[in-house]
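This note is written for a colleague who is meeting the structure for the first time. The points below take up aromatic pairs and then the surroundings of the ligand.

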Amino acid sequence: DGQSSSTTTPAPVPRPRKRSGILHMNDEERQHQLNQQRCNSKWHGLVEGNLIVKQGLVDKRKGLFARRRMLMLTMGPHLYYADPVSMTLKGEIPWSPQLRVEPKNFRIFFVHTPNRTYYLEDPEGFALEWCKAIEEMRVNTYGVSPTTCT
Ligand code: 4IP
C-alpha cells in the first residue's frame with residue numbers, strides 16, 4: 001500500500017566547517033562588522049577606526065598598583081587599553097613578531113614585548129581566552145614562528 005513509505009533517514013549532508021571569527025571574514029563581512037561597531041560600540045572612537053576582535057576589562061599592574069582598563073584587541077593589529085571611567089585611551093601594548101602571551105592561571109596572563117612585560121589580570125577568569133585570541137592574531141599577522149632552538 002501507499003502507506004509503507006521508506007523510513008530511512010536521509011544521510012547527513014556534510015557541511016563545510018564554518019570558521020567563525022573576525023580573522024576569517026572576507027573584506028565585505030569585515031566592513032559590515034565595522035559599520036556595526038561604528039553605530040553600536042561606545043569604544044569605537046578610541047580605536048582609530050580599527051575593528052575590535054576582542055574586548056574586556058582587565059587589571060593592568062604596574063609597580064604596586066593595578067589600574068582597571070578596557071583592553072581591546074583590534075585588527076591592525078593593536079592592543080589598546082582605555083580608562084573605562086573617563087573613556088580615554090591610556091596606551092597601547094606595542095605589537096611585533098616578538099610579542100608573546102603567557103597564561104599564569106585562569107585570571108593572570110602576561111604579554112611579553114621586547115621592552116616590557118605587561119601584567120594583566122582578567123577578574124572574570126578568562127585569561128586563557130585572551131591568550132588564545134592574542135596568539136591567534138600573532139600567527140595570523142606574522143605567521144607561525146620558526147622552531148625556536150634552545
Ligand atoms: C601608572 O600608575 C599607571 O599604572 C599607568 O597605566 C602606567 O602607564 C604608569 O606607568 C604608572 O605609573 P599610577 O596611575 O598609579 O600613577 P595607565 O596608562 O593604564 O593609566 P602605562 O600606560 O605605561 O602602563 P609609566 O611607567 O608608563 O608611567
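**Notes on aromatic pairs and the ligand shell**

1. A search of the whole structure finds 3 aromatic pairs. Rings of Phe, Tyr and Trp (its six-membered ring) pair if their centres lie within 6.5 Å; planes under 30 degrees apart count as stacked, over 60 as edge-to-face and the rest as tilted.

2. The model is predicted: local features need pLDDT of at least 70 and side-chain atom pairs count only at pLDDT 80 or more, while totals for chains, interfaces and linings use all residues. Residues are numbered from 1 along each chain as its sequence is written, and side-chain values use heavy atoms, with hydrogens and water left out.

3. W95 belongs to the loop between β4 (88-93) and β5 (100-103), and Y142 to helix α2 (residues 127-142), so their pair ties together parts that are 47 residues apart in sequence. Helices (H or I, at least four residues) and strands (E, at least two) are DSSP runs, numbered from the N terminus. W95 has 14% relative accessibility and counts as buried, whereas Y142, at 34%, counts as partly exposed. Buried means under 20% relative accessible area, exposed over 50%, and partly exposed in between (1.4 Å probe, protein chains only).

4. F109 and W130 form a stacked aromatic pair, with 6.3 Å from centre to centre and 15° between the planes. The pair links distant parts of the chain, with F109 in strand β6 (residues 108-113) and W130 in helix α2, 21 residues apart. Both F109 and W130 are buried.

5. K54 lies over the face of W130, at 4.8 Å from the ring centre. A charge sits over a ring if NZ of Lys or CZ of Arg is within 6 Å of the ring centre and within 35 degrees of the ring normal.

6. Which residues surround the ligand? They are K60, K62, R67, R69, Y81, K90 and R116, where a residue is near a molecule if one of its heavy atoms lies within 4 Å of it. The shell divides into 1 nonpolar residue, no polar and 6 charged.

7. The elements giving two or more residues to the shell around the ligand are β1 (52-62) and β2 (65-74).

Conventions: Ala, Val, Leu, Ile, Met, Phe, Trp, Tyr, Cys and Pro count as nonpolar, Asp, Glu, Lys and Arg as charged, and the others, Gly among them, as polar.
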